[in-house]
Amino acid sequence: MTDSTALAPVRIGIVSVSDRASGGVYEDKGLPALKDWLSRALRNPIDFEARLIPDEQAGISATLIELVDAGCSLVLTTGGTGPALRDVTPEATLAVAHKEMPGFGEQMRQISLRFVPTAILSRQVAVIRERSLILNLPGQPKAIAETLEGLKNADGSQAVPGIFAAVPYCIDLIGGPYLETDDTVCKAFRPKSAIRPARAA
């Protein structure tokens, strides 16, 4: 067992993009869903930077830059990734990218296609800006959990890997903190050479 007090703290940006939720028309469900899942999946102490903003491309890009500059090693967005005219989260994300990471979006769509054929309409992207990984996620809490965690068989074994299994190693490679996951929620994958020994409690 590792000692959670010895784990590296991590600052994570969570952004819900919605005209109606940010305008108070209805309650935002994206930020609570992200916070809940990440708090269960990660063993590191987390400092969340939460933002609820409208579907405005310039504002989304500015928020992402602000969170990266504030030291967020990981930034997750939810909402605004469909084909509707107001859906501009991917464009705003790509506009601040130093590197694009297409595998994340490809895997998210593969997971969602297990449930609905309209998953091909989703446009989630993932990028690296400086030493931060930015991921666009779906808008619904159930879909957020499915894409992060993956799908499991009836016996609890992994049927389809979720995207978060690759996140800790990606953050290692870009110079971020060493993230440790709760394997019962999501088991991170690292090459053997990248695994650090567990600290005794």
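A: The model is predicted. The protein exposes about 9,800 Å², and 56% of that comes from carbon and sulfur atoms. Of the 201 residues, 48% are buried. The chain forms seven helices and eight strands. Its radius of gyration is 16 Å, close to the 17 Å given by the globule rule for 201 residues, so the protein is as compact as a globular protein of that length.

Now to strand E5, which covers residues 126-129. In a regular strand, side chains alternate between the two faces of the sheet. In E5, Ala126 and Ile128 point one way, while Val127 and Arg129 point the other way. All of these residues are buried, Arg129 included.

E5 has strand partners. One is E4 (residues 99-100), which runs antiparallel to E5 and is joined to it by two bridges. Here Lys99 stands opposite Ile128. Another is E6 (residues 132-137), also antiparallel to E5, with four bridges between them. E5 and E6 form a hairpin with two residues between the strands. In that hairpin, Glu130 takes a positive phi near 55 degrees.

Notes. Residues numbered from 1 in each chain as written. Predicted model: local features only at pLDDT ≥ 70, side-chain atom pairs only at ≥ 80, totals over all residues. Heavy atoms only, no water. Rg over C-alpha atoms; globule rule 2.2 N^0.38 Å. Buried < 20%, exposed > 50% of the residue type's maximum accessible area, 1.4 Å probe, protein only. Areas by Shrake-Rupley, 256 points an atom, 1.4 Å probe, with all protein chains shown as cover. Pairing = 2+ DSSP bridges.
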